[in-house]
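Please look over the sequence and the three-dimensional structure shown here before reading on.

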Amino acid sequence: MVAEDQGVWAPRIHQRIIAKLTGGLAPLFYQQKAIPLEPLPETMLDEGKASLVPDLSLYDNESDQTRIIIEVCHTNGQKDDILKVIQLIDEDRYGILEGFIYNYKTEQWLRYRKGDGGLTESSSVSDVLQLDLNRFL
């Protein structure tokens with residue numbers, strides 16, 4: 001995340017959460033073949049041009065679409081991350097079906113799904129993966 005062209009905003013706790021999620025999901029994809037989506041941290045949504053970069057994307061290599069995005073935030077940035085997730089899903093440009101926001105200050109999860117009409121709910125459970133993401137934290 002770039003903050004006013006002053007550099008990258010990536011405190012250790014923020015990166016630690018991304019690492020834990022990636023570390024939990026990667027073996028399920030690569031070794032166990034238990035989930036169909038590849039976890040990719042800090043990856044562009046559109047490789048053909050500059051695009052938004054979620055903290056963690058779960059990518060469907062067969063359909064070439066990102067199906068789940070996860071944003072990690074603190075309380076001050078939560079509203080912006082909620083709006084980012086809703087916008088990316090509602091624009092329907094990348095095939096995203098679910099978006100999650102994890103606030104590491106409050107340890108709370110929010111979920112937004114395609115078709116939810118701008119309303120988030122408190123949940124860390126992915127309907128797409130049939131998996132509780134909080135188990136990795």
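This is a predicted model: local features need pLDDT of at least 70, side-chain atom pairs count only at pLDDT 80 or more; totals for chains, interfaces and linings use all residues.

Residues are numbered from 1 along each chain as its sequence is written, and side-chain values use heavy atoms, with hydrogens and water left out. The chain has two helices and seven strands, where helices (H or I, at least four residues) and strands (E, at least two) are DSSP runs numbered from the N terminus.

**Overall fold and dimensions**

- Read from the N terminus, the elements follow the order α-β-β-β-α-β-β-β-β.
- The chain has a radius of gyration of 14 Å, close to the 14 Å that the globule rule gives for 137 residues, so it is as compact as a globular protein of that length; the radius is taken over C-alpha atoms, and the rule is 2.2 Å times the number of residues to the power 0.38.
- Along the principal axes, the C-alpha atoms fill a box of roughly 40 × 30 × 30 Å.
- Among contacts (heavy atoms within 4.5 Å) between residues at least 6 apart in sequence, 46% join residues at least 24 apart.

**Surface and charge**

- Buried residues make up 45% of the 137 residues in the chain, where buried means under 20% relative accessible area, exposed means over 50%, and partly exposed lies in between (1.4 Å probe, protein chains only).
- The accessible surface of the chain comes to about 7600 Å², and 48% of this surface belongs to carbon and sulfur atoms; such areas come from the Shrake-Rupley method with a 1.4 Å probe, and for residues only the protein chains shown count as cover.
- The chain has 14 positive and 22 negative charges, whose mean positions are 5 Å apart, with Lys and Arg counted as positive, Asp and Glu as negative, and His and the chain ends not counted.

**The nonpolar cores**

- In soluble globular proteins, nonpolar side chains tend to be buried together.
- A nonpolar core is a set of buried Ala, Val, Leu, Ile, Met, Phe, Trp, Tyr and Cys residues joined through side-chain atoms within 4.5 Å.
- The largest nonpolar core has 21 residues, of which Leu25, Ile70 and Leu129 touch the most other members.
- At least two residues of this core come from each of helix H1 (12-30), strand S2 (56-60), strand S3 (65-73) and strand S4 (98-103), and H1 supplies the largest share, six residues.
- Apart from this core lies another, of 13 residues, which includes Ile82, Ile86, Ile89 and Ile101.
- When residues up to four places away in sequence are not counted, leucine 25 touches Ile35, Pro39, Leu56, Leu58, Leu129, Leu131, Leu133 and Phe136.

**Residues in helices and strands**

- Threonine 22 is found in helix H1 and counts as buried because its relative accessibility is 17%; leaving aside neighbours within four places in sequence, threonine 22 is in contact with Pro27, Pro41 and Leu56.
- Leucine 40 is found in strand S1 and, with a relative accessible area of 22%, is partly exposed; beyond four places in sequence, leucine 40 touches residues that include Tyr30, Leu56 and Tyr59.
- Valine 72 belongs to strand S3 and is buried, because its relative accessibility is 1%; its contacts, leaving aside neighbours within four places in sequence, include His14, Asp81 and Tyr104.
- Isoleucine 86 lies in helix H2 (residues 78-91) and is buried, with a relative accessible area of 14%.
- The C-alpha atoms of isoleucine 86 and tyrosine 112 are separated by 6.8 Å, although these residues are 26 apart along the chain, and Tyr112 is one of the residues that isoleucine 86 touches.

**Two loop residues with positive phi**

- Most residues other than glycine have a negative phi.
- Lysine 33, in the loop between H1 and strand S1 (38-41), has a positive phi near 55°, and lysine 33 is exposed, with a relative accessible area of 63%.
- Glutamine 130, in the loop between strand S6 (125-126) and strand S7 (131-132), has a positive phi near 55°, and glutamine 130 counts as exposed at 65% relative accessibility.

Technical notes
The place of a charge is taken as NZ of Lys, CZ of Arg, CG of Asp or CD of Glu.
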